[in-house]
Amino acid sequence: MQFPLGGGNTAADKKPPLMLHNTLTGKKEPFHPLKHNEARLYHCGPTVYDYAHLGNLRAFVFADILRRTLAFFGHEVRQVINITDIGHLTSDADVGEDKMALAIKREGEEMTLEGLRRIADKYTQAFLHDLERLNILMPHALPRASEYIPAQIALVRTLVEKEYAYETSDGIYFDTARFPHYGALGHIAREGQKEGARVAENPEKRNPEDFALWKKGGDLGWDSPWGKGFPGWHTECVAMIHALLGKTIDIHTGGIDHIPVHHNNEIAQAEAATGKPLARFWLHVAFLTIEDTKISKSLGNTVYLRHVEARGYRALDYRYLLLTAHYRSPLNFTWRALDAAHTALRRLQQYYFSELRGAPEGNPDPRFLQALAAALGDDLDTPRALALLWETVKDSRMPREAKRASLLAADRVLALGLTELETQVQKLSFAAPLPPKDLPEEVRLLVIAREEMREQKNWARADELREEIARKGFRVEDTPEGPLVYPEKS
Ligand code: AMP
Ligand code: ZN
């Protein structure tokens with residue numbers, strides 16, 4: 001879906017630049033895709049050992065806003081979100097247990113690759129369901145790490161051949177001393193890394209920041225030149241990026257927790273292997289806290305989308321809440337804030353439904369598009385885009401058709417389900433029972449005949465007539481006030 005800004009000559013038609021904050025440089029920079037007009041995006045995806053919590057989902061709503069904004073600015077987009085189903089240990093460093101192995105044990109599954117697949121399937125499906133409810137567009141590819149093992153082995157082999165990697169008794173490690181720019185992303189000083197303790201944990205490592213490209217052993221593994229084992233978590237993203245998007249992509253994203261270790265490690269191994277930058281832009285989304293507390297399983301404060309829905313809110317209320325904060329600002333989730341988001345979104349949808357539904361087709365107001373592009377183009381300033389939406393709602397001078405088209409254009413980026421009430425009402429009216437006068441004559445007569453059979457307690461004949469009515473595309477529901485007849489096809 002694409003709707004570039006107008007190409008006319010008026011000032012309002014001039015497209016402002018899309019500025020994105022690049023963690024690599026610490027600055028906002030104008031974005032242009034490297035290749036033709038196609039922006040290639042990679043987002044570090046979920047580790048499918050459990051349901052995605054509201055914090056994880058913030059990362060993917062952000063990725064969706066980025067994708068839709070790129071489309072709004074006229075770019076083609078190719079988007080990949082990976083599914084981590086192997087190699088992510090309980091610590092981002094190379095210690096602890098594989099999170100998938102933990103889930104296999106927790107759920108009493110077999111410790112085999114088949115068991116792994118079943119757990120991965122279950123939580124991948126749940127993740128996709130979350131994306132759908134949050135109006136997040138399906139990425140063009142959702143590769144699983146376990147399906148790219150040969151590509152990961154090939155990458156590790158290249159690094160060994162180029163002498164960027166060395167073997168220890170428990171794996172193959174990347175030698176960060178051979179990569180002088182190590183830690184450039186987010187200016188993570190080599191000495192300052194908090195994993196200094198890792199040397200003590202693994203005396204065979206040459207430098208504290210060295211990380212595993214391949215781990216030997218483990219309960220779940222594949223054959224490799226270094227024996228049976230599994231790839232390191234940082235290796236999977238690089239192998240899948242190279243396979244699906246190319247050596248250098250346009251934008252790579254993830255949560256801020258990925259800056260110090262995961263993303264610096266991705267950069268080191270990719271650039272050592274290819275001699276090319278892995279991504280031109282690195283964007284990071286700030287963390288969501290719950291009631292001012294870090295989301296943590298051990299604290300038991302994890303909130304999932306199903307909890308939101310169980311309290312009578314909709315997933316899109318949560319999307320609205322996320323858009324009220326800039327993606328680089330920390331956001332605190334409270335039920336009160338969700339309630340306010342719910343009220344605001346309902347008001348917006350009701351306004352559209354009562355005031356704009358059925359307005360003639362029109363074009364968006366050029367000044368509105370200009371202001372929307374200025375907001376989104378300023379590093380995806382969604383709070384400003386929402387404020388603009390509300391100003392437009394209150395603007396009594398804007399003609400109805402322009403207002404409708406403007407709000408719909410904004411909703412293609414914000415995806416707040418502006419027309420949801422209209423769709424619901426259409427469905428409801430379709431599902432409403434038809435009065436006898438609106439029924440086809442033959443159906444009306446069949447319904448009367450069936451009522452007579454019911455009065456005579458001839459249930460067999462009454463059932464036959466029900467089936468005959470069904471074959472004509474109608475469903476009869478018996479109520480104390482008499483039969484209600486619904487059109488069957490909805
Ligand atoms: P994981 O499933 O742990 O690999 O995380 C998936 C994505 O969610 C990653 O991009 C993380 O950086 C991000 N993430 C994890 N916790 C939070 C949080 N509390 N707020 C925002 N993003 C988060
Ligand atoms: Zn990654």
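Author: A polar contact is a pair of N or O atoms within 3.5 Å; within protein, one must be able to donate a hydrogen and the other to accept it, and residues adjacent in sequence count only if both atoms are side-chain atoms. In this predicted model, T47 places a backbone N or O atom 3.0 Å from an oxygen atom of ligand 1. A polar backbone atom of G255 lies 3.1 Å from an oxygen atom of ligand 1, while for G55 a backbone N or O atom is 3.0 Å from a nitrogen atom of the ligand. Of the 500 Å² of accessible area (Shrake-Rupley method, 1.4 Å probe) that ligand 1 has on its own, the protein covers 92%. The surroundings comprise 17 residues (each with a heavy atom within 4 Å), and D257 and L288 join T47, G55 and G255 as the closest.

As to confidence, the mean pLDDT (the predictor's confidence in each residue, from 0 to 100) of the protein chain is 91, and 93% of its residues reach 70 or more. Residues 1-12 stay under 50, with 25 contacts (heavy atoms within 4.5 Å) beyond four places in sequence. Residues 194-199 also stay under 50, with 14 such contacts. Where pLDDT is low, the predicted coordinates should not be read in detail.

Residues are numbered from 1 along each chain as its sequence is written, and chains are lettered from A and ligands numbered from 1 in the order in which they are written. Local features need pLDDT of at least 70, side-chain atom pairs count only at 80 or more, and totals for chains, interfaces and linings use all residues; side-chain values use heavy atoms, with hydrogens and water left out.
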